[in-house]
Amino acid sequence: DTERMDILISEMLELSRIESGVEPLNIEVQSVRRIVQLAINQITPQAVNSGIDIDDSGVGDVSHEVDELRITEAITNLLSNALKASTEGSKITVTAWKESDGSLILSVRDEGEGIEASDLAHVFERFYKADQSRSSGGSGLGLAIVRHIAEAHGGSATVISVPGEGAEFRISLPSEPPA
């Protein structure tokens, strides 16, 4: 279907732009709560339709030096991913806080089926889909984009999951963005 093809092409272009570093990051001090809200706003209609609650009460009132557009996109991708893993009546929890070293941690947790240990190492690879049977029409690029955005900021993206107990995806960004 052409719509899916368009999404795939735009995500592939996006990924190559981030990887190549052609477009430098536009780093400015931003309110993390506001960025999380921007991302949630993009996903709210889907969440409402799916009967899934998004709880962002754990997002601290912190600011950080980031590229607003890119980090909004990364959080939106994580929320979209969590939505696909979630069932009606469940909750997605977004939290954000500063560590003692000044780094920022952004976390998106779902109450889905979780991810098998054998899949955990691969979820950030392009086109990797942990559960082929539950292919929900995603391109398989969303998490790769998340990882590259985190790395472009000098940070990392990780996942913690126990099968049957949901998954938590974290973006960790250092206190100082790379020069």
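Guide: One cut-off first: buried means under 20% relative accessible area. And keep in mind that this is a predicted model.
Visitor: Which helix is I40 found in?
Guide: Helix α2.
Visitor: What does I40 touch, leaving out residues up to four places away in sequence?
Guide: I54, D56, L79 and V94. Also, T72 is 32 residues from I40 along the chain, and their C-alpha atoms are separated by 9.1 Å.
Visitor: Switching to T93. Where does it lie?
Guide: In strand β4.
Visitor: Buried or exposed?
Guide: T93 is buried, because its relative accessible area is 11%, and the cut-off is under 20%. Beyond four places in sequence, T93 touches D55, S107, V108 and R109.
Visitor: Zoom out. How many helices and strands does the protein chain have?
Guide: Five helices and seven strands. Along the sequence the pattern reads α-β-α-β-β-α-β-β-α-α-β-β.
Visitor: And what share of the chain counts as buried?
Guide: 41% of the 179 residues. The chain exposes about 9,300 Å², with carbon and sulfur atoms supplying 49% of that.
Visitor: Take contacts between residues at least 6 apart in sequence. What percentage join residues at least 24 apart?
Guide: 73%.
Visitor: Now the largest nonpolar core. Which residues touch the most other members?
Guide: L79, L106 and F169, out of 41 residues in that core.
Visitor: Pick L106. What is it in contact with, leaving aside neighbours within four places?
Guide: V32, V36, I71, I75, T95, A96, F169, R170 and I171. F169 is another of the residues with the most core partners.
Visitor: On to helix packing. At what angle do α2 and α3 cross?
Guide: Roughly 35 degrees, and their axes come within 8 Å. The crossing is right-handed.
Visitor: Which residues make that contact?
Guide: On α2, R34, I35, V36, L38, A39, I40, Q42, I43, Q46 and A47. On α3, E68, I71, T72, I75, T76, L79, S80 and L83. By class, the contact has eleven nonpolar, five polar and two charged residues.
Visitor: Why does the spacing of residues three or four places apart matter in a helix?
Guide: An α-helix has 3.6 residues a turn, so residues with that spacing point the same way.
Visitor: What about α3 and α5? How far apart are their axes?
Guide: 9 Å, with a packing angle of about 145 degrees. That crossing is left-handed. α3 brings R70, I71, E73, A74, N77, L78 and N81, while α5 brings G142, L143, I145, V146 and I149.
Visitor: Is α5 mostly covered or uncovered?
Guide: Mostly covered, with eight of its eleven residues buried. Those are G142, L143, A144, I145, V146, H148, I149 and A150.
Visitor: Last one. Which residue with a positive phi follows α5?
Guide: G154, with phi near 80 degrees.

Note on methods:
Residues numbered from 1 in each chain as written. Predicted model: local features only at pLDDT ≥ 70, side-chain atom pairs only at ≥ 80, totals over all residues. Heavy atoms only, no water. Core = buried A, V, L, I, M, F, W, Y, C linked by side-chain atoms within 4.5 Å. Buried < 20%, exposed > 50% of the residue type's maximum accessible area, 1.4 Å probe, protein only. Contact = heavy atoms within 4.5 Å. Axes fitted to C-alpha atoms, helices over the stretch in contact; angles between N-to-C directions. Helix = DSSP H or I, 4+ residues; strand = E, 2+ residues; numbered from the N terminus. Left-handed = near helix turned anticlockwise from the far one by under 90°. Nonpolar A, V, L, I, M, F, W, Y, C, P; charged D, E, K, R; others polar. Areas by Shrake-Rupley, 256 points an atom, 1.4 Å probe, with all protein chains shown as cover.
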